[in-house]
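Please provide a short report on the structure shown below.

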Amino acid sequence: MVKDLTFDVRYDNELAHEYYGDGKQLADNLRKYYHDKSLKFPDEFESTLTTPPIHFMSVEASDDADLDDLRSVCVPPGLNVEIIDFNM
């Protein structure tokens, strides 16, 4: 069984946005950071039109995924990930 989580991805500034990228590039970066968490990241997702944008990813996790564990993953400076489970 899987659960759907929403990852709100924000950048500290435009320089961080250029570094971590959008779309597949950003998804690939997140796959690296969460490599041992058995998550499925989409290559396409909704984004705001702001500069830098905020991305809203629908991520699949195993049903027993621990949100606190996911939130404790160390993402690099300049990138901020808020994980929301709307099914709780």
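F86 lies in the segment after β4; strands (E, at least two residues) and helices (H or I, at least four residues) are DSSP runs numbered from the N terminus. At 63% relative accessibility, F86 counts as exposed, the class for values over 50%, whereas buried means under 20% and partly exposed is in between (1.4 Å probe, protein chains only). The C-alpha atoms of F86 and K3 are separated by 9.6 Å, although these residues are 83 residues apart along the chain.

The model is predicted: local features need pLDDT of at least 70, side-chain atom pairs count only at pLDDT 80 or more, and totals for chains, interfaces and linings use all residues. Residues are numbered from 1 along each chain as its sequence is written, and side-chain values use heavy atoms, with hydrogens and water left out.

The protein chain has three helices and four strands, in the sequence pattern β-α-α-β-β-α-β. Its radius of gyration is 12 Å, close to the 12 Å that the globule rule gives for 88 residues, so the chain is as compact as a globular protein of that length. This radius is taken over C-alpha atoms, and the rule is 2.2 Å times the number of residues to the power 0.38. Further values for the protein chain are tabulated here.

| Property | Value |
|---|---|
| Box of C-alpha atoms along the principal axes | roughly 35 × 25 × 20 Å |
| Buried residues | 43% of the 88 residues |

The four strands form an open sheet in the order β2-β3-β1-β4, with antiparallel pairing. At the edges stand β2 (46–47) and β4 (79–84), each with a single partner strand, so one side of each is left without a neighbour in the sheet. Strands pair if DSSP finds at least two bridges between them; two bridges join β2 to β3 (residues 55–62), and E46 has F56 in β3 as its bridge partner.

The largest nonpolar core has 24 residues, and F7, L26, L30, Y34 and M57 have the most contacts inside it. Such a core is a set of buried Ala, Val, Leu, Ile, Met, Phe, Trp, Tyr and Cys residues joined through side-chain atoms within 4.5 Å. Elements giving two or more residues to this core include α1 (14–20), α2 (23–33) and α3 (67–71). Leaving aside residues up to four places away in sequence, Y34 touches F7, L39, F41, L70, V73, V75, V81 and I83, where contact means heavy atoms within 4.5 Å.
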